[in-house]
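Student: I would like to request a close look at a single part of this structure. Please take me through it step by step.

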Amino acid sequence: MLLPRPNPWRQLRAILGSELLQLVRDRRALFAAIILPVLLYPWLFKGQHKIEEISKEALAKREVQAVCDLSQLPAAWHDPVWKALQAAEPMEWSEVDAQAVVDLEHSDQTEQERDPERRRLYQELVQGDQALLVVGHVADAEHDRPEVAIYYDIKNDSSREAQERVSHQLEQLKEASITRLRIELLGSDPAAFLDLETVDVASAAERSGAKLGRMLPMLLVLLLISGGAFAALTVFAGERESGTLESILVQPIDPRVLGLGKFGAVAVASFATLLANLVALYVCVLMGWTSTGSGDMEGLSFMTLVGALWYLPGALLLCGLLCLALGRAKTFREGQYLLFPITLLAAIPSAVVLQPSLPNNAILSAIPFTGAALCLRDILRGDASFLLLGIMSVSHLGYTAWTVTRLGRLLDGERALHSGDVAGALRKLGPARHGMRWGFVGVLAIYIVGSWLQSRDPLLGLMQTLWGLLPILAIVAALRARKWASGEKVRTAGNFVVRELGLGPCRPQYLVAALLLVPAMTALMQQYLPLQEKLLPMPSFLAGAEALTRMFDGLSTSKLVFVFAISPGVCEELFFRGAVLSSLRRGMSTPKALFWQTLFFAAAHASIHRLIPTALVGLVLGGMTLRSRSIWPAILFHAAYDASLVLQGAGRIAQQEPGTWHMRLIWLAPIGLLLWVWPAVRAKARA
Amino acid sequence: MQSPESPTASLAIEAQGLIKTFHDPERGEVRAVRGLDLECRYGEIFGLLGPNGAGKTTTLRMLAGILVPSGGHAHIAGIDATADPMGVRQRIGFLSGSTGLYPRLTARETLRYFGELHGIPKPALEARIEELVETFQLQEFADGRCEGLSTGQRQRVSIARAVVHDPDVLILDEPTTGLDIMAASDMIDFIEARRSAGRCVLFSTHILSEAERLCDRIGVVHHGRTLAVGTLAELRAETGAEWLGDVFKVLVRRAEPDPTPAA
Amino acid sequence: MPPATAPPHPHPIQPKAGPRGILLVAATELRSSLRDRQTVMNSVVLPIVMYPVLFWFILQGILVVQGHKERTRVEVALVGAPEQVADLQSRLLGLSLPLDPDTQTTTPNPVDFRSLPDGPQDDAALRAWLISKQHPEAESIPDAILRLPEGPNDKTQLYLESTRSGSELAAERMRKRIAQVAEQLRQDAAKSRGLTPQDLDPLDIAEHTITTSRDQGAFVLSLFLPMMIIIMAVMGAFFPAVDSTAGEKERGTAETTLLLPIPRSQVLLGKIVATSALAFLATVLNLTFMGLAARHLLGTLGPKIPFRIEFPFLALLYSLPLVLLFCFFVSAVLTALAGLTKSFKEGQAMLGPAQMVFILPAIIGIMPGLKLGLGWSLVPVVNVVLAVRSILVMDWLPIPYLLTGLVLLVSAWLAVRLCVRLLSQEALAFSGSSISFKHLLRMLRHAKS
């Protein structure tokens with residue numbers, strides 16, 4: 001029997017149907033993954049609120065014993081304050097003599113010196129179950145200014161509660177007297193008309209939607225992972241576990257069709273989860289379970305919840321990621337381990353909805369999961385723009401399409417049968433794995449150890465990180481790389497390290513060429529940074545960076561250059577272009593090795609605002625190193641570039657008008673580029 | 001597209017100089033198959049005989065178009081396995097001893113699923129399923145989930161699954177591993193039935209008695225190479241040994257005079 | 001003639017019964033777990049790598065969000081009598097808000113003002129304008145509207161749509177600015193009458209906490225650390241529990257284990273001990289690295305937080321016995337449950353909801369106002385949370401502490417007994433199929449009788 005080529009659409013239908021049938025028949029897993037989470041809704045709305053309420057009530061009812069000494073207050077204030085204390089119920093007051101406390105507050109000691117004294121006196125005066133001390137006295141004798149001081153113990157629940165009650169009452173007293181004084185002294189309050197009265201024009205339904213929008217996007221991620229992961233595990237790991245993978249791979253079917261079919265099954269399961277959750281939510285609204293306290297969801301309309309189905313692109317992307325990750329897992333167990341990282345990957349970008357006043361925009365709505373979460377939030381509160389929904393849908397569907405194409409590759413026989421485990425991707429890289437591992441270790445070390453050192457002393461810490469941590473890491477990594485270089489000619493360990501770190505001799509023309517490119521790089525950054533500021537604005541508390549400026553000011557120019565230009569130039573190059581890039585190059589294609597070292601270099605700078613600038617520099621540096629087979633040009637370029645930035649930042653180079661020095665020297669760049677290209681051209685010509 | 005009847009495709013399976021190299025993190029480069037030659041005809045049972053790790057499974061997977069050979073070429077029913085793996089997969093049935101079944105599908109659903117993947121037209125497919133149920137006596141359990149079947153029953157469903165599209169070439173990877181006596185003998189009957197139907201069966205095994213009983217020709221594989229190919233009689237004549245086990249030992253010794261294999 | 005009895009063994013072997021047997025099983029289980037790459041990845045490498053990466057992403061996310069929020073321009077319309085509007089607008093513009101010296105546009109939190117003296121200004125019209133129906137006089141819709149009062153006793157109204165981000169931002173910024181203007185007005189009035197601002201503010205209220213910054217740090221820790229310990233221990237026990245029971249059945253080594261010359265109860269106890277050791281390890285590693293990463297995050301975000309979080313060495317030392325007991329208790333329960341299943345997948349489906357049984361009481365335990373008294377110390381899980389909480393703030397009594405330990409021990413013992421009873425049944429020990437709940441109940445009844 002010889003058949004025509006099978007129709008891919010029919011195959012797709014067959015795969016989808018068969019996978020779904022198997023999913024539905026797995027009743028127990030279906031229950032645990034999809035039904036059970038849905039049943040949690042009533043608890044979420046009612047239970048949690050109830051517990052909080054009980055806890056709050058218990059605290060509010062607790063009778064607290066407290067001591068006070070109001071004898072030093074001016075006569076006019078004694079009675080009002082005492083009344084305020086009485087109003088802070090339920091409390092039981094007893095009087096003590098707190099002259100020592102008053103004396104302490106009037107002494108010349110600094111706040112730091114007073115603190116231990118206060119602690120001692122509090123322990124003396126407040127006995128047994130008593131948990132608060134209130135002392136009234138005249139703080140400023142000249143103006144006869146009364147002060148009521150409250151002493152409490154923050155780690156004692158009763159004391160904290162009593163302090164809140166008393167403060168509240170005293171603040172009210174103060175408010176009342178301020179209002180009275182304004183009328184007495186000024187005739188009337190000149191700013192009375194500015195007591196703002198808020199008029200919220202949003203409807204009740206929209207407000208309920210906004211409340212829901214603060215939590216539903218994150219909740220949905222968790223629930224969709226629960227539902228989608230169960231499906232993805234069954235569809236991928238289940239196939240391996242039941243031993244049917246080989247059978248399916250020898251069928252005349254394109255791996256892409258297979259991947260799409262399986263993804264489809266996961267997507268359907270995920271859609272069912274989405275639907276089930278929205279229905280459960282609506283039932284909760286209908287039954288009035290949501291109409292308590294903070295969870296008030298009054299007036300939430302059915303159509304709003306239908307609109308929430310627009311989250312689908314986000315859900316699909318989540319499915320794609322789940323398939324991609326769990327498709328590599330050989331067993332259920334292995335897949336299960338991967339769930340936690342995926343959950344974080346999706347839940348953290350969704351956490352942006354905790355900031356309700358962040359407006360959605362075109363950039364945010366294209367960020368995976370962040371965009372979907374913001375769009376869902378806006379739909380729920382009736383404030384969605386079709387343009388942003390469109391951007392979100394197109395971008396998320398695009399990401400999903402990418403995952404699905406990758407999925408096809410995953411189901412290719414070569415991969416599926418020989419490197420199907422989690423570490424497969426890393427393993428195949430062979431010796432490059434060494435470079436990856438050390439790159440990662442380096443980034444982590446700079447991040448944890450480096451920042452710890454710098455938190456103790458910025459300058460010394462920086463020096464320790466650069467001259468201590470990085471060279472040690474570079475040398476250890478280079479030594480450990482020796483076993484991967486068994487085929488290469490190396491004599492001693494020292495020789496090997498020198499060669500591995502790229503410290504060998506270098507053609508002088510490359511050094512010159514590196515220097516010639518510096519002005520162009522500086523100019524490029526000056527063009528780029530304003531653009532980045534528009535797309536990725538820096539918050540004001542970072543933009544100032546006062547600490548850094550203060551550090552600059554305390555240093556002479558030569559020291560400045562050494563600390564911020566030469567040191568990073570030498571040490572960072574040793575590690576990133578030396579140890580890491582050499583290792584990576586051994587097991588990867590050149591573009592891949594360049595990409596990874598760039599990523600590590602950029603990640604080591606630990607700031608999203610410096611990510612692209614450092615990546616650009618890292619790319620150029622990596623290219624130079626690969627070209628010249630030595631890190632000397634990279635060191636020179638790095639140091640010169642940093643020096644230009646630092647000196648300009650510290651005001652040591654006069655910041656002139658548009659025609660700054662780097663713009664005037666930019667014509668050097670073509671010459672530099674020519675010097676980089678020339679040897680290759682000549683070699684080709686000779687050949 | 002060439003049909004098996006065309007003169008160029010008179011050989012069911014033809015492989016020359018097959019090579020497969022893997023990268024393994026612990027062992028480095030692994031040369032699983034290092035230049036293997038093979039020829040199988042229609043109406044013939046060909047046995048691939050060798051110890052575990054000889055490269056049998058890898059060879060069969062390359063022939064089935066799941067793995068791409070690192071070198072050499074293979075033709076199945078006249079079709080190049082590297083150039084058109086899909087065409088190869090359409091013409092072969094593949095079954096290995098470790099093959100499982102979808103636990104939550106019934107036997108009939110399994111057959112229908114694989115039939116649809118092969119693109120068998122709907123009415124023909126239903127007829128074919130009934131035919132297979134009849135042939136392999138699946139009637140009693142054809143509508144129960146596969147997870148509840150016994151080993152022998154599963155084996156029968158698996159076989160039916162592998163021939164749902166009635167392939168000209170059947171590739172079996174250690175088909176009797178883990179089967180009890182009854183199930184194994186069912187399998188052997190099935191293999192013989194395929195030969196009588198004029199199909200080609202290529203199967204790998206490390207069980208000598210099975211090879212002795214079934215195979216028209218035997219290829220002895222060791223360390224990824226074919227040491228010898230021929231009928232049992234030819235092999236005996238060549239090596240001068242009577243039992244297949246001894247034949248195998250002689251061949252290995254001839255190929256590797258040094259008893260310690262190179263690391 | 002065959003000998004009537006077996007010949008005496010040259011070296012008589014004593015089966016390793018008692019604690020040695022338990023430890024032997026536990027050590028073997030531990031060794032095999034720690035040699036398993038996935039287990040090591042999950043319980044050792046993941047915590048070390050994940051938290052710094054995770055916190056880095058959170059920090060950068062906060063910065064991006066903050067930057068976007070600060071640079072979002074909002075528009076506020078001022079309506080009211082023309083001269084009044086003009087006066088307020090000039091005061092608002094004159095506020096000394098932090099300005100960027102170079103470019104007016106990059107000032108954080110910018111507000112554009114627009115006055116609209118003509119056109120309808122009644123409530124309905126303003127509402128309609130804001131809810132995106134066009135205003136007859138204006139082309140665009142503002143983010144918020146400030147409506148100045150008409151009569152002397154009226155108040156200024158701030159119209160906003162709380163469900164719109166821009167509107168929320170505008171309202172937030174306007175409240176701050178208006179408060180500043182009000183303060184200015186009052187100060188000006190006071191100055192014109194020769195009064196100081198203090199004269200209008202007659203009373204000082206000072207609040208002093210007598211807690212050291214270190215104790216404050218301990219208090220902050222006590223708000224979440226106890227719950228984290230519970231969650232980490234439960235999650236840490238999850239995989240080892242499934243692995244040593246259902247996983248063993250899946251791998252086909254269950255039979256070998258049961259053939260050991262050691263009573264089944266001890267084999268089980270050994271497994272529980274190994275599981276609790278792994279759970280404890282996971283807890284320690286997770287909390288340590290989470291702490292390190294959080295320290296780094298806090299250091300970057302706020303240099304001036306009032307409390308100082310120090311490693312609460314002593315408190316953790318005191319808590320250690322309870323935490324260990326709790327790990328043992330959790331491991332016993334989870335192992336017993338996982339033992340009822342036959343595959344990793346089923347075990348995982350079973351334990352997922354079971355985890356909640358531990359985590360929900362832990363959430364209750366961190367509610368403020370609860371205190372470890374004799375009553376609470378009888379409730380497992382909640383008592384651990386409360387005990388660790390009170391130890392962290394160094395406010396604990398020995399009797400509830402000991403009672404907590406005792407309760408944990410008893411409940412762990414009960415869980416082990418249950419575990420032994422259930423799992424020593426042949427049906428389960430070798431089970432080829434998983435059992436239904438009905439069957440389980442029947443078995444339990446049978447075991448008790």
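How far apart do the C-alpha centres of domain 1 of chain A and domain 3 of chain A lie? Please then describe the helix α29 of chain A in detail.

Tutor: In this predicted model, the C-alpha centres of domain 1 of chain A and domain 3 of chain A lie 41 Å apart. Domain 3 comprises residues 430-534 and 546-686 of chain A, while domain 1 comprises 8-39 and 202-425. Domain 2 of chain A covers 58-191.

Let us turn to helix α29 of chain A, which runs over residues 668-686. This helix has 19 residues, and the distance from its first C-alpha to its last is 27 Å, close to the 27 Å expected at 1.5 Å a residue. At A:V677, α29(A) bends by about 40°. A proline, A:P679, follows within four residues of that position. A:P679 is also one of the buried residues of α29(A), together with A:L668, A:A669, A:G672 and A:W676. The cover over these buried residues includes three helices of chain A: α21 (508-535), α26 (611-628) and α27 (632-649).

Helix α1 of chain A, residues 8-25, may be set beside it. Its 18 residues should span 26 Å at 1.5 Å a residue, and its end C-alpha atoms are 26 Å apart, so the two values agree. The buried residues of α1(A), among them A:L12, A:I15 and A:L23, pack against α2 (27-39), α8 (204-241) and α10 (255-287) of chain A, and also against α3 (107-117) and α4 (122-135) of chain B. At the start of α1(A), a side-chain oxygen of A:N7 comes to within 2.9 Å of the backbone nitrogen of A:W9.

How values were computed: Residues are numbered from 1 along each chain as its sequence is written. Chains are lettered from A and ligands numbered from 1 in the order in which they are written. This is a predicted model: local features need pLDDT of at least 70, side-chain atom pairs count only at pLDDT 80 or more; totals for chains, interfaces and linings use all residues. Side-chain values use heavy atoms; hydrogens and water are left out. Helices (H or I, at least four residues) and strands (E, at least two) are DSSP runs, numbered from the N terminus. The expected span of a helix is 1.5 Å times one less than its number of residues. The bend at a residue is the angle between axes fitted to the seven residues ending there and the seven starting there. Buried means under 20% relative accessible area, exposed over 50%, partly exposed in between (1.4 Å probe, protein chains only). Contact means heavy atoms within 4.5 Å. A polar contact is a pair of N or O atoms within 3.5 Å; within protein, one must be able to donate a hydrogen and the other to accept it, and residues adjacent in sequence count only if both atoms are side-chain atoms. Domain bounds come from an automatic or database domain assignment.
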